[in-house]
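Open the structure in your viewer and keep the selection tool at hand. This tour goes from one selection to the next and says what is there.

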Amino acid sequence: MGCFIAFLIGKKYFNAKKKRKMFFFKKDDESQKKFVVVLGTSPLAKFLVYTLQENNIDVVVLSLNKKDDDSKTETFVFKSNNQNQNFLFKTCNYIDRKPECCFLASSFDEYKNDLLALSDDMLKDVSIINFASFYNHKIIDKMTSIKETKAYFDGWLVENKKDLLLLSRGAEIVFCQKDENKDIQSLLLSKKTEIKNCKDGKKTFWQKMSAGFLGNMLVLAYKEDISKLLLDSEKRQKVDAGIREIAKVLKKENVQLDTQVLLTDIYAFPDGYSSEYNSLKGSMFLSEMLGNIDRFDCPVLSEIISNATKKY
């Protein structure tokens, strides 16, 4: 009987020790995860969080809007190709360790606040991957202390409450780097996205901003899918004229716009797309994205902008 009790005690000790080892191994595995910070709560920010979690990366969203010290974790559902996948969106108002990099994916109404977060000591000398350059480029270009790489998401995301929907079968993430950083690019590897690199950062910036500006403005002005809109010959002529006017505007920036690529990008807007600028504040912000649109030099763009903003 004594031997049996001793056996049980020994087994219990062994199992407890084994559990402790498993616990420590698990803890070590967690500590070896790469750590990344995202700034922003836009649909793109949520998509980046989803992709990073799929790649087993520890990711948090740094938000200065939080008024308490507690982190908050929400569950979202990513929907693509008839597949649903849950992911966690964890926000906090401070970080206590230095991340591998910081993805800046602000919406138009939060980018200024997110830029303040870049002053955090934990983000000093950290690579900043800027997906929000359409909004923050005038400010961030003056911030010589940060290491910024502009990046762009070529895809269409729609957020509906706790659901995040990718409207296309796939998307592209474009990094603007003279020398590719494969380590950072690998963080976003996914079957749902193709990663590319471009070296002509200035032209890429204005080309993609122009497509975002005109495509979203058309959706707001006419409240219909781009594919249907372009079937109307009168509206199609306005689109062509609007593209010519954008090319004229960009000449002031010493940028030669590829008008055919811009038209292709406009055609690519999928049915069911809902603009993130669908509000008075959003439409007004969008109207100023390319700078001052003069109604004498750009009558068609001015008309489209007027149609969009007077909806609210």
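The accessible surface of the protein comes to about 17500 Å², and 50% of that surface belongs to carbon and sulfur atoms. Accessible areas come from the Shrake-Rupley method with a 1.4 Å probe, and for residues only the protein chains shown count as cover. This is a predicted model, in which local features need pLDDT of at least 70 and side-chain atom pairs count only at pLDDT 80 or more, while totals for chains, interfaces and linings use all residues. Residues are numbered from 1 along each chain as its sequence is written, and side-chain values use heavy atoms, with hydrogens and water left out.

**The whole chain**

Show the protein as a cartoon. There are eleven helices and eleven strands. Helices (H or I, at least four residues) and strands (E, at least two) are DSSP runs, numbered from the N terminus. Of the 312 residues, 47% are buried. Buried means under 20% relative accessible area, exposed means over 50%, and partly exposed lies in between (1.4 Å probe, protein chains only). Among the contacts with a separation of 6 or more, 67% are between residues 24 or more positions apart. Contact means heavy atoms within 4.5 Å.

**Stop 1: helices α6 and α9**

Select residues 201-222, which are helix α6, and residues 259-267, which are helix α9. Their axes come within 9 Å and cross at roughly 45°. Axes are lines fitted to C-alpha atoms, for helices over the stretch in contact, and angles run from 0 to 180 degrees between N-to-C directions. The two helices, α6 and α9, are therefore oblique to each other. Angles under 35 degrees count as roughly parallel, over 145 as roughly antiparallel, 65 to 115 as roughly perpendicular, and the rest as oblique.

The crossing of α6 and α9 is right-handed. A crossing is right-handed if the near helix is turned clockwise from the far one by less than a right angle, and left-handed if anticlockwise.

Now show side chains. On the α6 side, the contact uses Q207, S210, A211, L214, G215 and L218; on the α9 side, V261, L262, D265 and I266. These contact residues of α6 and α9 divide into six nonpolar, three polar and one charged. Ala, Val, Leu, Ile, Met, Phe, Trp, Tyr, Cys and Pro count as nonpolar, Asp, Glu, Lys and Arg as charged, and the others, Gly among them, as polar.

Stay with Q207, in helix α6. Is Q207 buried or exposed? Q207 counts as buried, because its relative accessibility is 8%. Leaving aside residues up to four places away in sequence, Q207 touches L257, D258, V261 and L262.

**Stop 2: helix α4**

Select residues 133-140, helix α4, where the buried residues are S133, Y135, N136, H137 and I140. The elements that cover them include β5 (101-104), α3 (111-117), β6 (127-130), β7 (147-154), α6 and α10 (280-287).

Keep α6 in view. Helices α4 and α6 pack at an angle of about 135°, with their axes 11 Å apart. That angle makes α4 oblique to α6. S133, F134 and H137 of α4 make the contact with F205, K208 and M209 of α6. Here the contact residues divide into three nonpolar, two polar and one charged.

**Stop 3: helices α8 and α11**

Select α11, residues 299-309, together with α8; their axes come within 8 Å and cross at roughly 115°. That makes α8 roughly perpendicular to α11. The crossing of α8 and α11 is left-handed. K238, A241, G242, E245 and I246 in α8 meet P299, V300, L301 and E303 in α11. The residues of this contact divide into five nonpolar, one polar and three charged.

**Stop 4**

Select N254, in the loop between α8 (233-251) and α9. Phi of N254 is near 60°, a positive value in a residue other than glycine. Most residues other than glycine have a negative phi. N254 counts as exposed, because its relative accessibility is 69%.

At 84% relative accessibility, N82 counts as exposed.

End at N93, in the loop between β4 and β5. With 17% relative accessibility, N93 counts as buried. Which C-alpha atom is separated from that of N93 by 5.2 Å? It is the C-alpha atom of L64, a residue 29 residues apart from N93 along the chain.
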